[in-house]
Amino acid sequence: QVQLVESGGGLVQPGGSLRLSCAASGSIFTINVIAWYRQAPGEQRELVAAITPDSTNYADSVKGRFTMSRDNAKNTAYLEMNALKPEDTAVYYCNGLIKGTDYRVREYWGQGSQVTVSS
């Protein structure tokens, strides 16, 4: 079994910064894709950023403000969020396509981390 645990959310003023972390643990062979999604109240969950074996991709709404990275040694992904806007307010979820030690690839979700941008 694999678990994704997020941390780092909170309340920040417009223009401020936050860093989210997503730590993967358990029976991991490789992390194929790691991504961040977000869901605002009354809205559908949307992809924010993703790291694949070939590239790092961002939603247009966060390009130039958010940076996603991963530390393979720690099985941890990060989302550095700068110049935050009130419309960035949402629950942020970590998502992973992870190959377990049984060599099967499964999708996992973290529990979500609230980010609130407000003055």
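This is a predicted model: local features need pLDDT of at least 70, side-chain atom pairs count only at pLDDT 80 or more; totals for chains, interfaces and linings use all residues.

Modeller: Cys22 is buried, with a relative accessible area of 1%. Cys94 is buried too, at 0% relative accessibility. A disulfide joins Cys22 to Cys94, with 2.0 Å from S to S. This pair links distant parts of the chain. Cys22 sits in strand 3 (residues 18–26), Cys94 lies in strand 9 (residues 90–100), and 72 residues separate the two. The angle about the S-S bond is -80°, and the link of Cys22 and Cys94 is left-handed. The structure has 1 disulfide.

Now the charges. Side chains of opposite charge can pair when their charged atoms come close. The whole structure holds 5 salt bridges. One of them joins Arg65 and Asp88, at 2.8 Å from N to O. This pair also links distant parts of the chain, 23 residues apart. Arg65 is in the loop between strand 6 (56–58) and strand 7 (66–71). Asp88 is in the loop between strand 8 (76–81) and strand 9. Both Arg65 and Asp88 are buried.

Lys63 forms a salt bridge with Asp60, and their closest N and O atoms are 3.2 Å apart. Lys63 is exposed at 51%. The cut-off for exposed is over 50%, so Asp60, at 66%, is exposed as well.

Arg106 pairs with Asp102 in a salt bridge, with the closest N and O atoms 2.9 Å apart. Arg106 is partly exposed at 29%, and Asp102 is partly exposed at 40%. Finally, salt bridges with shared partners join Arg38, Glu46, Arg65 and Asp88 into one network.

How values were computed: Residues are numbered from 1 along each chain as its sequence is written. Side-chain values use heavy atoms; hydrogens and water are left out. A disulfide is a pair of cysteine sulfur atoms within 2.5 Å. Helices (H or I, at least four residues) and strands (E, at least two) are DSSP runs, numbered from the N terminus. Buried means under 20% relative accessible area, exposed over 50%, partly exposed in between (1.4 Å probe, protein chains only). A salt bridge is a side-chain nitrogen of Lys or Arg within 4 Å of a carboxyl oxygen of Asp or Glu.
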